[in-house]
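Have the sequence and the model open as you read.

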Amino acid sequence: MALVKFDDFSYKYYGADSLALKKINLTIDNGEYVVITGPSGCGKTTLCRAINGLVPRFHRGYIAGHVYVDEKDTREHEVAHFAAIAGLVFQNPENQLVTLNVEKEIAFGPENLGVNPVEVRRRVEEIIDLLDLEHLRDKHPHEMSGGEQQRVAMAATLALNPQILVADEPTSNLDPKSAEKILEIISTLNKRGMTVVLVEHRLDLVAKEATRVVLMDRGRIVADGTPTEVLVADICQDIGVGIPKATEIYKRLNAKGLRLGSVPLTGEELALLIQEGTV
Amino acid sequence: MIILEDVEYSYDGIYTALRGVTLQVDRGESVAIMGTNGAGKTTLIKHFNGLLRPQAGNVFLEGKDTSQMSVAEMAKIVGLVFQNPDHQLFLESCKKEIAFGLKNLGFTQEEAEERCDQTLSRLGLEGFAERSPFALSGGERKRVALASVLATEPDVLALDEPTIGQDARQKESLARMLMEMNKKGRTVIVVTHDIEFVIEHFPRTIAMSDGQIVADGDTSSVLTHEEVLERCSLTLPQMTQAAKALRHRFDNVSDRLASLSDIESIATTLLEGA
């Protein structure tokens, strides 16, 4: 069975006038790198929260349908059960960091899950190495830049050894270089076998590494396919989603009868295709 | 006009956020401030309306030394929108949130309501008037915080990361509103990491790193300067990357910043010639 399965899942927050999610059917398999995108308010964050049971257990509301994570119905298990399966990273790392230094922050999650101290120690060292945090080891989160804080938040999440990393706009507060670094880490984790669900508006930064793009609008999934399939479709512009400029050029040239060999997602790819087209 | 002279600021005397910043922004300019996380961008703009006071150096607003001005006086001239909308929103409906600032500035109830409706519709927030800001998504809350400041139409508008969480269409409408205000003679200053937003809409860019201004000038020259990009943790946008890659083969491609239409016309010429 799929790692995550939404089965006709609908959800409305208490006090809201309309459904945040409407009859979502979505399966995510092991090893995928899924980018979720769509206009603001379309349900992306709610979808993320449903993957580890925060919706409906923490954010209360009305539900219909089911979400199964690792074959377990999120209606029937506590959030704590899913914490070790689906790790969430949020937009604002300040909302997520709770301890006084990086080592303690990384150890906090597994300690609370009762992981034995030797194993906790091992994970802390492994993750400090993986995310290049050695120089921050003893630092207080408030002494770090936003990019560093976000790396620590991600480290703390990874310490739970989740099978799936769910990151909700993790780079939107970061300068471009720090954003690049976070996205490189996410891509590396995926290549090592971790399943990734990433919410992102800036598709120019993430489309190239993703295996799949899911497009949402007003609580529904309106397109789902490979990055090039989805981003070249007119529905993106129709609902106000910004596609990579390189893809936009491909579409404009196509409209003039000028065909490039394939759909580019980055500036370099575009330049290469133009060169090939002139040979 | 805003003038800063050798402004220094440190938090609790431990963390130095500004190390001698000097700059001048004239009335009616539109300026982007970019740079590394922790470079001091937010600290800088908090000096524009007196939320922070320089520990050394001077800040002048409309020719007056601001050490003599209250925050209330400065806030009438400079409207500041914070990065995190939750630091700004506190009332139970979007309408009350927006009317709050207007009433403080002496608008009547009717005027306030009219402006409130106008601003909501200009930001694509029709139908949100009676809703609680706290029941909205992150991107929507951000626009309500913006609306509450935009509605007062201050002479100087300073926005901290206004494009976060906004999709392409909302970014466009935000840009249109800012440019409209700018055309009416208002000064617009944004702090942002969004290079494409800056290239398309802001003629001047100030790049910061480690509490200092590293470069200040026309956007195209600041954002193509490799050393500045490196020091300020900035990366080249896609179209400029494409232009750079094409320049290796085609010598008529310029080394300036490239827009979408630049690359479109270069590609069209090259492909039609083939």
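## A bridge between two domains

Let's begin with one pair: Glu226(B) and Lys244(B) join their side chains in a salt bridge, 3.0 Å from N to O. A salt bridge here is a side-chain nitrogen of Lys or Arg within 4 Å of a carboxyl oxygen of Asp or Glu. Between domain 1 of chain B and domain 2 of chain B, the count is one salt bridge.

Before going further, some ground rules: the model is predicted, so local features need pLDDT of at least 70 and side-chain atom pairs count only at pLDDT 80 or more, while totals for chains, interfaces and linings use all residues. Residues are numbered from 1 along each chain as its sequence is written, chains are lettered from A and ligands numbered from 1 in the order in which they are written, and side-chain values use heavy atoms, with hydrogens and water left out.

Chain B divides into domain 1 (1–70 + 188–234) and domain 2 (236–274), with bounds that come from an automatic or database domain assignment. Twelve residues of domain 1 of chain B, written 12 in the count, and seven residues of domain 2 of chain B make the contact, where contact means heavy atoms within 4.5 Å. The C-alpha centres of these two domains of chain B are 32 Å apart.

Together the two domains of chain B bury about 720 Å², with carbon and sulfur atoms giving 63% of that. Buried area means the accessible area (1.4 Å probe) that two parts lose on being put together, summed over both. On the domain 1 side of chain B, Ile199(B), Ser220(B) and Thr224(B) supply 48% of the area buried against domain 2, more than any other three residues.

## Chain A against chain B

Between the chains, 47 residues of chain A touch 42 residues of chain B. The buried area comes to about 3,700 Å², and carbon and sulfur atoms give 57% of it. There are six salt bridges between chain A and chain B. Asp17(A) pairs with Arg131(B) in a salt bridge whose closest N and O atoms are 3.9 Å apart.

## The second largest pocket

On a 1 Å grid over the protein atoms alone, a cavity is a set of points where a 1.4 Å probe fits but cannot get out, and a pocket is an open set with protein on both sides within 12 Å along at least five of seven lines; lining residues have an atom within 4 Å of a point. The second largest pocket holds about 1,200 Å³. It has 48 lining residues, and Arg202(A), Leu203(A), Asp204(A), Leu205(A) and Glu196(B) are the closest to its centre.

By class, that lining has 16 nonpolar, 16 polar and 16 charged residues. In chain B, domain 1 and domain 2 each give at least three residues to the lining of this pocket.

## Two cavities

Searching the whole structure turns up two cavities of 30 Å³ or more. The largest cavity has a volume of about 130 Å³. Its lining has 15 residues, and those nearest its centre are Ser172(A), Arg202(A), Thr163(B), Ile164(B) and Asp194(B).

The second largest cavity holds about 40 Å³. Its lining residues are Met1(B), Arg27(B), Glu62(B), Asp155(B), Val156(B), Gly185(B) and Thr187(B).

Technical notes. Grid points are joined across faces, edges and corners, and a volume is the space filled by probe spheres set on the points. Ala, Val, Leu, Ile, Met, Phe, Trp, Tyr, Cys and Pro count as nonpolar, Asp, Glu, Lys and Arg as charged, and the others, Gly among them, as polar.
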